[in-house]
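Hi everyone, thanks for having me.

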Amino acid sequence: MSFSEYIRLARLDSGLSQQKMAKALNLARQTYLDMENGKVCPRADRLMRIAEVTQKPITYFYGLGDGELVSDWKRLISSVPDEKKAAFFRIMESVSKELSS
C-alpha cells in the first residue's frame, strides 16, 4: 500500500471528511487532496499532525502497524535529545519520500 493510501485510510477510519482534515491541518482542501492522492508527500511535521488528528501511531503510515513496534518507536523518539529531534525528523521525512516513490 502507498503512503498516501495510509493517509486516506487513517482519515476514513477517523470519520473525518477531507474538508475537516484539511482544516485540522490548517491547509487548503486541495493541498490535503494532493497528499491523499500521492501528488505531494507531507513534511514530517504535517505527518505528525495527521497522526495526532487521526490518533494513529506514526508507524501506521509506514505500514508498520499498531503493535509492539509503536512502543519501540515511542521509546526511540523520546530518547532523542531535543536539540537533535529536528535531524531525526529530517531522516523520517527522507524515509517517507523513499517509501512514497
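**Aromatic pairs and a buried helix**

There are three aromatic pairs in this structure, and please keep in mind that the model is predicted. To describe such a pair, we give the distance of the centres and the angle of the planes.

Let's begin with Phe-3 and Tyr-62. Their rings are 5.5 Å centre to centre with 55 degrees between the planes, which makes the pair tilted. Which parts of the chain does this pair link? Phe-3 belongs to helix α1 (residues 3–13), while Tyr-62 sits in the loop between α4 (44–54) and α5 (68–79), so the partners are 59 residues apart and the pair links distant parts of the chain. Are the two partners buried or exposed? Phe-3 counts as buried because its relative accessibility is 4%, under the 20% cut-off. Tyr-62 has a relative accessible area of 12%, so Tyr-62 is buried too.

Now for Tyr-60 and Phe-61. Their ring centres are 5.3 Å apart and the planes meet at 85 degrees, so this pair is edge-to-face. Both Tyr-60 and Phe-61 are buried. Ring pairs also bring in Tyr-6, giving a cluster of Tyr-6, Tyr-60 and Phe-61. Tyr-60 has another neighbour: Lys-56 lies over the face of its ring, 4.8 Å from the ring centre.

Finally, let's turn to helix α3, residues 29–36. Buried residues here include Tyr-32, Leu-33, Asp-34, Met-35 and Glu-36. What do the buried residues of α3 pack against? They pack against α1, α2 (18–24) and α4. Just after α3 comes Gly-38, with a positive phi of about 80 degrees.

Key
Residues numbered from 1 in each chain as written. Predicted model: local features only at pLDDT ≥ 70, side-chain atom pairs only at ≥ 80, totals over all residues. Heavy atoms only, no water. Phe/Tyr/Trp six-rings, centres within 6.5 Å; stacked < 30°, edge-to-face > 60°. Helix = DSSP H or I, 4+ residues; strand = E, 2+ residues; numbered from the N terminus. Buried < 20%, exposed > 50% of the residue type's maximum accessible area, 1.4 Å probe, protein only. Lys NZ or Arg CZ within 6 Å of the ring centre and 35° of its normal. Contact = heavy atoms within 4.5 Å.
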